Amino acid sequence: MIKIIADSACDLPAELVEEYGILIMPMHISFGESTYDDQEELSTDDFYQRLTAGREFPTTSYPAIGRYQNAVDAELAAGNQVLIITIAEPLSGCYDSLRLLFADYPQDRVAVVDSKSATLGEGAVVLAAARLAAGGCSFGELLAAMPGLVARSQGYGAINNLTYLARGGRISGTAATVATALNIKPVINICPDGSLEVAQKVRGMAKALAWLAARVKQDGLDFRQTTLFVSYIVQEDSARRLLEQLRQELELGEVVFSQIGPTVGTHLGPGCVALFYLRPE
């Protein structure tokens, strides 16, 4: 059997994780001196309640490396092969650390893959890999398919509140203040290497959401053949309105609707709405 292991930054809903037997390693979320395992000791809702209270700005770090090693050793002892998928290397040291940790393990039994994405962009890669494994492909076939899955992952997010990007050092405080005063809402894009860039700047969240919808339609994909991931931070109503608009304008197949978790939410803050999908082959 092939076991898929991913970090909690992939933000896949619990029902999909359970259905495909994906093992999730919790990212660490710290408020001051207190550190919590994502989803095990701190739920997404509780995290955003603490974040918006504003008393402490959280930090994040990747899961305990020893926990990965124990999990992989247990799977190998059970006769399984293991594929580990991580958050993008530019956003975390997780991939590099795991690549070194498992460098001496047999390559035909353990592999580490950089998703080159985060949140449900990473989740799209993890889910596709889990479905290939469940469909009976061999470990070699799965590894051969991974570069294509990673390259096909696409994601855009409209950001309503720039305060958290400034707090996390992603943009300057001056830039955040000016953009807020002008009601500028950046739309970010996940680049092919997993880094983030500003794809567009618009005035007002309504125009930012309209840009998301237009960009998806511009891609010209047949969304009956790929899963559309619609995600948000706190602003669920806006995400649902965007999804309803897309349902009216496109033929959609499977839709996964889920909130972005603490790892990415720490830096984007409340008000983000995002779309992710794998471009069809």
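Biologist: Is the crossing of H9 and H10 left-handed or right-handed?

Modeller: This is a predicted model, in which local features need pLDDT of at least 70 and side-chain atom pairs pLDDT 80 or more, while totals for chains, interfaces and linings use all residues. Residues are numbered from 1 along each chain as its sequence is written, and side-chain values use heavy atoms, without hydrogens or water. A crossing is left-handed if the near helix is turned anticlockwise from the far one by less than a right angle, and right-handed if clockwise. By that rule the crossing of H9 with H10 is right-handed.

Biologist: How many charged residues are in the contact of H9 with H10?

Modeller: Leu209, Leu212, Ala213 and Lys217 of H9 meet Ser238, Leu242, Gln245, Leu246 and Glu249 of H10, contact being heavy atoms within 4.5 Å. Ala, Val, Leu, Ile, Met, Phe, Trp, Tyr, Cys and Pro count as nonpolar, Asp, Glu, Lys and Arg as charged, and the others, Gly among them, as polar. The division is 5 nonpolar, 2 polar and, for charged, 2.

Biologist: How are H5 and H6 oriented to each other?

Modeller: Helices are DSSP runs of H or I with at least four residues, numbered from the N terminus. Axes are lines fitted to C-alpha atoms over the stretch in contact, with angles from 0 to 180 degrees between N-to-C directions. The axes of H5 (residues 119-134) and H6 (residues 139-152) come within 10 Å and cross at roughly 150°. Angles under 35 degrees count as roughly parallel, 65 to 115 as roughly perpendicular, over 145 as roughly antiparallel and the rest as oblique, so H5 and H6 are roughly antiparallel.

Biologist: How many nonpolar residues does the contact of H5 with H6 have?

Modeller: H5 brings Val125, Ala128, Ala129, Leu132 and Ala133, and H6 brings Leu142, Ala145, Met146, Leu149 and Val150. No polar and no charged residues are included, and the nonpolar count is 10.

Biologist: How are H3 and H4 oriented to each other?

Modeller: H3 (residues 65-77) and H4 (residues 94-101) have axes 11 Å apart, at an angle of about 45°. The two helices are therefore oblique.
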